Structures are given as C-alpha cells and as structure tokens.
Amino acid sequence: YPQFVLIGRGIYALKDWGYNEGTVADIMSDILRKEGPLTREQIIEKVLKQRQVKRITILLNLKNKPMFEKKGEQYAMKK
C-alpha cells in the first residue's frame with residue numbers, strides 16, 4: 001500500500017504520521033540538506049525519529065564516502 005513506509009525491520013508506519021520514504025542514507029541526506037552540517041549525535045537523534053534502526057546502522061551510513069564528509073566534529077553532504 002502506498003500510504004505505508006517501512007521504518008524498521010518489518011515495521012511500517014503511515015506517511016500521514018510524518019514518516020518519509022527511503023533508506024537510512026536517504027533520510028540522513030535529507031536532514032543534512034535541510035539543516036546543514038551536524039554532529040554525529042545530532043544526526044543519530046534525528047534519524048531515530050524517522051526510523052527504528054540500531055545506532056550502528058546510522059554510523060555505518062555516515063562512513064559512506066561518496067555521500068557524506070566529516071568536517072571537524074560535524075558531518076555534511078559532499079558537494
């Protein structure tokens with residue numbers, strides 16, 4: 001059904017509840033585009049509001065060199 005979004009392992013939520021489609025990396029890139037560079041903990045906190053995944057999943061996605069880059073203590077989208 002198109003009104004549902006997968007938010008975790010076998011867990012679905014309604015789009016009407018404010019959940020967005022996409023992978024964890026897609027959610028992270030949306031957050032960083034909207035809010036600019038953020039610390040690792042800020043990113044984790046914001047992603048966990050959209051997805052029910054483990055912290056390690058988010059941290060592994062931050063290591064995605066083609067998408068994200070670390071600038072000091074903050075992460076940003078690669079240009």
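**Strands and surface patches in a predicted model**

Good morning. I begin with an open sheet of three strands, in which the order is 3-5-4 and the pairing is antiparallel. Strand 3, residues 38–39, and strand 4 are its edge strands, since each of them pairs on one side only. Please keep in mind throughout that the model is predicted.

The strands of a sheet pair through backbone hydrogen bonds, and the pairing is either parallel or antiparallel.

Let us look at one pairing in this sheet. Strand 4 and strand 5, the latter covering residues 74–77, are joined in the antiparallel sense over four bridges. Which residue is the bridge partner of Glu69 in strand 5? The partner is Ala76.

Gly8 has Ile11 in strand 2 as its bridge partner. These two strands form a hairpin, with two residues between them. In the turn you will find Gly10, whose phi is positive, at about 75°.

Is Phe4 buried, partly exposed or exposed? With a relative accessibility of 35%, Phe4 counts as partly exposed, because that class lies between the limits of 20% and 50%. Together with Tyr1, Leu6 and Tyr12, Phe4 makes a nonpolar surface patch of about 510 Å².

Where does Lys63 lie? Its place is the loop that runs between helix 3, residues 55–62, and strand 4, residues 68–71. Lys63 has a relative accessibility of 55% and therefore counts as exposed, the cut-off for that class being over 50%.

Finally, I would draw your attention to Glu45, which is located in helix 2, residues 40–48. This residue is partly exposed, as its relative accessible area is 46%. Along the chain, Glu45 and Arg55 are ten residues apart, and 9.3 Å separates their C-alpha atoms.

To close, I return to two points. The sheet of three strands is open, with the order 3-5-4, and strand 1 and strand 2 form a hairpin. Thank you for your attention.

Terms used: Residues numbered from 1 in each chain as written. Predicted model: local features only at pLDDT ≥ 70, side-chain atom pairs only at ≥ 80, totals over all residues. Heavy atoms only, no water. Buried < 20%, exposed > 50% of the residue type's maximum accessible area, 1.4 Å probe, protein only. Pairing = 2+ DSSP bridges. Patch = residues over 30% accessible without salt bridge, like charges linked within 9 Å, V, L, I, M, F, W, Y side chains within 5 Å. Areas by Shrake-Rupley, 256 points an atom, 1.4 Å probe, with all protein chains shown as cover. Salt bridge = Lys/Arg side-chain N within 4 Å of Asp/Glu carboxyl O.
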